[in-house]
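Hi everyone, thanks for making the time this morning. I'd like to walk you through one structure, so please have a look at it while I talk.

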Amino acid sequence: QVQLVESGGGLVQAGGSLRLSCAASGSIGSIRAMGWYRQAPGKQRELVATITSGGNTNYADSVKGRFTISRDNAKNTVYLQMSRLKPEDTAVYYCNADVRLAYKISYLEYWGQGTQVTVSS
């Protein structure tokens, strides 16, 4: 099995920065895309940013220019550097990864348990 463990959430004032990390562990053969999603109270989960194994990135319009996604393939870890945070960025942030287990052929989608990010005004 695979576990995704997020860290780095917390409380920050508007205009501040936070860095989220998500490490994948288990019987991993390879990982394709990794990404971050978020869910605010009363809203649906939405994409924040994704990154392929080759480093191609995709961002939600609401975070372009403020957030940067990166990954360390050797460590099976994805990061989200969040800058110029706004109160509307407040949400639970979830890590996501497309993983092929070491003894399997197909890829499956895995999710972390989430980390809370709260931005005060």
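I'll go through the sheet, the disulfide, the salt bridges and then a few loop residues.

Two quick notes before we start. This is a predicted model, where local features need pLDDT of at least 70 and side-chain atom pairs count only at pLDDT 80 or more, while totals for chains, interfaces and linings use all residues. Residues are numbered from 1 along each chain as its sequence is written, and side-chain values use heavy atoms, with hydrogens and water left out.

Let's begin with the sheet. Four strands make up an open sheet in the order β1-β3-β8-β7, and the pairing is antiparallel. Two strands pair if DSSP finds at least two bridges between them. The edges belong to β1 (2-7) and β7 (67-72); each has a single partner strand, so one side of each has no neighbour in the sheet. From one strand to the next, the twist averages 15°; for angles like this, axes are lines fitted to C-alpha atoms, for helices over the stretch in contact, and the angles run from 0 to 180 degrees between N-to-C directions.

Now look at the β7 and β8 pair, which is antiparallel and joined by six bridges. One residue I'd point to here is T77, in strand β8 (residues 77-82). T77 is the bridge partner of D72. With a relative accessible area of 7%, T77 is buried. For that word, buried means under 20% relative accessible area, exposed means over 50%, and partly exposed is in between, using a 1.4 Å probe and protein chains only.

What does the side chain of T77 have a polar atom close to, at 2.9 Å? That is the backbone oxygen of K75. A polar contact is a pair of N or O atoms within 3.5 Å; within protein, one must be able to donate a hydrogen and the other to accept it, and residues adjacent in sequence count only if both atoms are side-chain atoms. Setting aside neighbours within four places in sequence, T77 is in contact with C22, A23, M34, S70, R71 and D72, where contact means heavy atoms within 4.5 Å.

C22 on that list brings us to the disulfide. A search of the whole structure turns up one disulfide, meaning a pair of cysteine sulfur atoms within 2.5 Å. The partners are C22 and C95, with their sulfur atoms 2.0 Å apart. C22 sits in strand β3 (residues 18-26) and C95 in strand β9 (residues 91-101), so the bond ties together parts that are 73 residues apart in sequence. Is this disulfide left-handed or right-handed? The torsion about the S-S bond is about -80°, so it is left-handed. Both C22 and C95 are buried.

On to charges. The whole structure has four salt bridges, each being a side-chain nitrogen of Lys or Arg within 4 Å of a carboxyl oxygen of Asp or Glu. One of them joins R38 and D89, at 2.9 Å from N to O. R38 is in strand β4 (residues 28-39) and D89 is in the loop between β8 and β9, so this pair ties together parts 51 residues apart in sequence. D89 also forms a salt bridge with R66, with the closest N and O atoms 2.7 Å apart. D89 is buried at 0% relative accessible area, and R66 is buried at 8%. Through shared partners, salt bridges join R38, E46, R66 and D89 into one network.

There is also a salt bridge between D61 and K64, at 3.1 Å from N to O. Here D61 is exposed, at 64%, and K64 is partly exposed, at 49%.

Last stop, the loops. N76, in the loop between β7 and β8, has a positive phi near 50° without being a glycine. N76 is partly exposed, with 24% relative accessibility. R84, in the loop between β8 and β9, is not a glycine either, and its phi is positive at about 45°. Finally, G54 lies in the loop between β5 (46-51) and β6 (57-59) and is exposed, at 69% relative accessible area.

Thanks, and I'm happy to go back to any of these.

Note on methods: Helices (H or I, at least four residues) and strands (E, at least two) are DSSP runs, numbered from the N terminus.
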